[in-house]
Amino acid sequence: MTAPEVIASRLMTIRSSSCRAQLIAAGLLALLLAGVRPPSAQAYTVLITGANSGIGLEFAKQYAAEGWTVIATDRRAEQPRSLTELAARYKNVRIETLDVTSIDQAHALAQKLANVPIDVLINNAGVYNDRSRCRPDDEECPGDWSVESFGKLKFPLLDTIMAVNIKGPLIVSEAFYGNVKASVLKKIVAISSSNGTLTGEKSPRPGAIFYRMSKAALNREMQIVAASTRSDGVTVVMLNPGPTLTEHQEYLKRYPGMLTTSFTVRNMIETIDKVTIRDTGRFLRYDGATEPW
Ligand SMILES: NC(=O)c1ccc[n+]([C@@H]2O[C@H](COP(=O)([O-])OP(=O)(O)OC[C@H]3O[C@@H](n4cnc5c(N)ncnc54)[C@H](OP(=O)(O)O)[C@@H]3O)[C@@H](O)[C@H]2O)c1
């Protein structure tokens with residue numbers, strides 16, 4: 001048995017709380033003297049892409065509240081108010097700029113974070129429709145889905161969606177791989193969607209071609225990243241948040257079955273906690289159930 005295991009087993013048998021407190025203090029001292037980080041949430045770090053709104057912002061809020069060090073990234077020229085407010089509330093939130101389509105920005109940030117282990121890297125940034133006519137501060141603007149229906153396709157949106165949803169997670173996963181490998185938990189997560197399924201629909205409905213093909217490609221690329229990183233003990237999973245009522249999806253609130261952002265993110269954090277290297281390459285629903293695709 002290691003020293004901490006001995007202490008833990010003795011704790012089980014000791015009833016006196018003062019003795020227990022002394023042993024806990026002795027155990028922590030032993031860990032510190034041995035140079036081992038105690039497994040507290042404060043010791044863990046998460047980097048989130050697209051953290052200024054929706055699911056990414058909620059990940060940042062919930063991890064920050066749990067005491068994790070949160071590296072919340074966004075691609076805006078000016079710091080988004082949502083993140084400024086979060087960092088004012090939690091000292092453990094650090095805001096960094098990262099456009100996931102920019103190899104230069106990813107490498108510059110990776111260099112800045114060279115000595116920072118990243119326990120969980122969340123590839124969350126995503127584009128699903130055309131928001132070019134939405135004012136940047138109009139969070140409830142629904143965006144335009146019509147331009148990705150067959151017969152009305154506007155191909156510049158395809159280029160954007162491919163760059164953000166497919167290329168972005170590869171750029172980010174590769175740029176910060178050293179940080180993930182150097183961490184304790186060693187997990188890479190990609191926020192995917194059931195829209196990427198190839199086998200999960202009896203009869204595929206029309207529409208959202210760009211977005212749906214991008215998530216199918218994301219799943220495939222992350223499956224291959226998982227195969228490439230398994231021997232380093234890095235766990236890679238793709239998560240489907242489910243239909244999540246973010247600020248940008250407020251217009252869907254009258255539809256039954258929409259889930260709150262806090263609910264889906266709470267579930268995804270629990271699923272991320274639970275996954276191990278045995279799960280690497282899997283596509284999971286927010287609650288850990290296997291997703292067909
Ligand atoms: N909400 C759902 O029901 C649902 C369901 C399944 C999957 N998902 C997935 O969940 C993820 C988050 O979506 P969401 O619903 O939370 O959407 P959202 O509120 O629109 O958030 C998307 C985030 O991605 C950022 N982003 C876009 N392009 C970027 C780039 N080039 N570099 C860095 N960040 C960029 C956005 O930043 P800006 O504000 O600057 O544009 C925003 O912060 C996406 O991958 C989405 O596909 C969502």
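How many helices and strands does the chain have? The count comes to nine helices and nine strands. Welcome to this predicted model, a chain of 293 residues, of which 34% count as buried.

**Around the ligand**

- The shell around the ligand is made of 27 residues, and the ones that come nearest are Gly 50, Gly 54, Ile 55, Ala 125 and Gly 126.
- By type, this shell divides into 14 polar, nine nonpolar and four charged residues.
- Helix H3, which covers residues 54-65, gives the most to the shell, with three residues.

**The nonpolar core**

- The largest nonpolar core holds 59 residues, and Ala 60, Val 70 and Val 189 have the most contacts inside it.

**Helix H6**

- Helix H6 runs over residues 155-175, and its 21 residues should span 30 Å at 1.5 Å a residue; the end C-alpha atoms are 28 Å apart, which agrees.
- Follow H6 along to Lys 167 and you will find a bend of about 45°, with a proline, Pro 169, following within four residues.
- The buried residues of H6 are Leu 157, Ile 161, Val 164, Asn 165, Gly 168, Pro 169, Ile 171, Val 172, Ser 173 and Ala 175.
- As background, an α-helix has 3.6 residues a turn, so residues three or four places apart point the same way.
- Which elements cover the buried residues of H6? They include helices H5 (103-112), H7 (177-181) and H8 (209-229), along with strands S4 (120-123) and S5 (187-191).
- Asp 159 also lies in H6, but Asp 159 counts as exposed because it has 11 C-beta neighbours inside 10 Å, and 12 or fewer is the cut-off for that class.
- Asp 159 and Phe 210 sit 51 residues apart in sequence, while their C-alpha atoms are 9.0 Å apart in space.

**The loop between H5 and S4**

- Val 116 is found in the loop between H5 and S4.
- Is Val 116 buried, exposed or partly exposed? Val 116 is partly exposed, because 16 other C-beta atoms lie within 10 Å.
- Leaving aside neighbours within four places in sequence, Val 116 is in contact with Thr 45 and Asn 179.
- Val 116 and Ala 182 are 66 residues apart along the chain, and 8.3 Å separates their C-alpha atoms.

- Most residues other than glycine have a negative phi.
- Lys 186 is not a glycine, yet its phi is positive, at about 55°.
- Lys 186 lies in the loop between H7 and S5 and counts as buried, because it has 20 C-beta neighbours inside 10 Å.
- Ala 208 has a positive phi near 50°, and it too is a residue other than glycine.
- Look for Ala 208 in the loop between S5 and H8; Ala 208 counts as partly exposed, because it has 18 C-beta neighbours inside 10 Å.

Notes: Residues are numbered from 1 along each chain as its sequence is written. This is a predicted model: local features need pLDDT of at least 70, side-chain atom pairs count only at pLDDT 80 or more; totals for chains, interfaces and linings use all residues. A residue is near a molecule or strand if its C-beta atom, placed from the backbone, lies within 6 Å of it. Helices (H or I, at least four residues) and strands (E, at least two) are DSSP runs, numbered from the N terminus. Ala, Val, Leu, Ile, Met, Phe, Trp, Tyr, Cys and Pro count as nonpolar, Asp, Glu, Lys and Arg as charged, and the others, Gly among them, as polar. The expected span of a helix is 1.5 Å times one less than its number of residues. The bend at a residue is the angle between axes fitted to the seven residues ending there and the seven starting there. Two residues are in contact if their C-beta atoms, placed from the backbone, lie within 7 Å. A nonpolar core is a set of buried Ala, Val, Leu, Ile, Met, Phe, Trp, Tyr and Cys residues joined through C-beta atoms within 7 Å.
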